[in-house]
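Subject: Structure handover

Hello,

Here is the structure I promised to pass on. Please open it first, then read my notes below.

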Amino acid sequence: MEIIFMGTGTSQGVPVIAYNKETQLDLSNSKNWRTRCSAHISFGNFNIQIDAAPEFRLQCLANGIINIDYFILTHGHADHISGMDDLRRFCDLKSDNKIPVYATDEGIERVKNIYPYALNDKPNERGYPCFDLKKMPEILELGNDCRIYSTMQEHGNLESLGLVFEEGNKRLAYYVDCKRLSAKAVELARECDILVLDGLKPTEHASHMSFYEAIECAKLLNAKKSFITHTTMQIDYEIFSKELPENIFLAYDNLRVSV
Ligand SMILES: [Zn+2]
Ligand SMILES: [Zn+2]
């Protein structure tokens with residue numbers, strides 16, 4: 001089981017456009033250049049894409065992504081949905097030219113509004129995207145002892161999907177764009193192998209966990225390794241890494257972690 005952190009920055013990316021030159025962010029460190037949040041999971045013989053950031057095409061090229069079996073949209077915010085048109089290339093490479101897309105009710109409505117041309121039984125024309133749009137079930141059984149659990153997460157005025165990937169006795173939890181974890185989310189991810197958490201910035205925020213809330217959450221769940229992602233430019237990789245307890249890390253673009 002492997003996760004590729006394709007993008008680890010917050011919704012505006014890091015650094016933001018026209019950033020303040022007085023920032024404490026060390027821009028000579030490539031780990032402080034963060035594209036918007038997307039991740040790719042390989043387990044069993046399945047390749048799962050979580051979200052498509054505005055930089056999705058560049059992220060796929062940087063990480064050598066050549067196949068996606070299932071696409072999961074955690075929620076409809078622009079930083080997670082904007083790159084979906086570039087799924088067209090993956091549709092092109094498939095024999096039926098379409099890709100299964102799983103989302104929440106809110107995500108499904110957003111996809112219908114933004115990509116109405118991608119919702120027919122086959123691509124409108126060769127090279128167009130074609131989505132087989134479905135509601136994400138609580139358990140998606142893929143076969144080969146691989147499954148994906150989903151749980152709804154509080155994320156400001158909407159809910160996002162929390163995802164747990166299970167292959168045999170290995171588990172990876174991906175809980176991003178959430179303010180706090182539900183009892184079910186905690187139960188699904190307790191003592192998992194890899195835990196990924198939203199840890200936006202040092203101070204509190206209405207719809208995301210802060211860096212310090214993520215640390216407390218990681219301690220509670222006690223995964224073998226935990227990673228904090230979706231961070232703003234207030235989080236300098238070296239400075240904030242020094243504050244992290246053992247087995248908790250900051251994620252950065254193009255990081256790969258296997259279990
Ligand atoms: Zn986001
Ligand atoms: Zn969001």
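**What I found**

Start at Ile 72. Setting aside its neighbours within four places in sequence, Ile 72 is in contact with Ile 48, Ile 50, Tyr 102, Met 136, Leu 161 and Leu 163. Bear in mind that this is a predicted model.

Ile 72 also belongs to the largest nonpolar core, which has 71 residues. Together with Ala 173 and Leu 195, Ile 72 touches the most other members. Which helix gives the most to this core? Helix α6, residues 211-221, does, with five residues.

**One sheet: β6 to β14**

This open sheet has seven strands. Their order is β6-β5-β4-β3-β2-β1-β14, and the pairing is mixed. The edges are β6 (131-135) and β14 (255-258). Each has a single partner strand, so one side of each is left without a neighbour in the sheet. From one strand to the next, the twist averages 20°.

Now look at the β6 end. Strand β5, residues 99-103, pairs with β6 in the parallel sense over five bridges. There, Val 101 stands opposite Leu 133 of β6. Helix α4, residues 105-114, lies across β5 and β6. It runs at about 155° to β6.

Next, helix α1. This helix packs on the sheet and touches β1 and β2. Its direction makes about 135° with that of β1. Which residues of α1 (56-63) are buried? Phe 56, Gln 59 and Cys 60 are. Seen down the axis of α1, the buried residues fall within an arc of 100°, so they line one face of the helix. An α-helix has 3.6 residues a turn, so residues three or four places apart point the same way. The buried residues of α1 pack against β1 (2-7) and β2. After α1 comes Gly 64, with a positive phi near 65°.

Between β2 (38-43) and β3 (46-50) there is a loop that holds Asn 45. Is Asn 45 buried or exposed? Asn 45 counts as exposed, because it has 10 C-beta neighbours inside 10 Å, and the cut-off for exposed is 12 or fewer. Asn 45 is 97 residues from Leu 142 in sequence. In space, their C-alpha atoms are 9.8 Å apart.

**Another sheet: β7 to β13**

This is an open sheet of seven strands, again with mixed pairing. The order is β7-β8-β9-β10-β11-β12-β13. The edge strands, β7 (139-143) and β13 (248-250), each pair on one side only. Neighbouring strands are turned by 20° against each other on average, direction ignored.

Of the five residues of β7, the number buried is zero, so the strand lies largely in the open. Strand β8, residues 146-155, pairs with β7 in the antiparallel sense over four bridges. Glu 141 has Arg 147 of β8 as its bridge partner. The hairpin of β7 and β8 has two residues between the strands. In this hairpin, Asn 144 takes a positive phi near 55°.

Strand β12, residues 225-229, pairs with β13 in the parallel sense over three bridges. Ile 228 has Leu 250 of β13 as its bridge partner. Helix α6 lies across β11 (194-198), β12 and β13. Its direction is at about 155° to β11.

Best wishes

Notes
Residues are numbered from 1 along each chain as its sequence is written. Chains are lettered from A and ligands numbered from 1 in the order in which they are written. This is a predicted model: local features need pLDDT of at least 70, side-chain atom pairs count only at pLDDT 80 or more; totals for chains, interfaces and linings use all residues. A residue is buried if 20 or more other C-beta atoms lie within 10 Å of its own, exposed if 12 or fewer, and partly exposed in between; C-beta atoms are placed from the backbone. A nonpolar core is a set of buried Ala, Val, Leu, Ile, Met, Phe, Trp, Tyr and Cys residues joined through C-beta atoms within 7 Å. Two residues are in contact if their C-beta atoms, placed from the backbone, lie within 7 Å. Two strands pair if DSSP finds at least two bridges between them. Axes are lines fitted to C-alpha atoms, for helices over the stretch in contact, and angles run from 0 to 180 degrees between N-to-C directions. The arc is that of the directions from the helix axis to the C-beta atoms.
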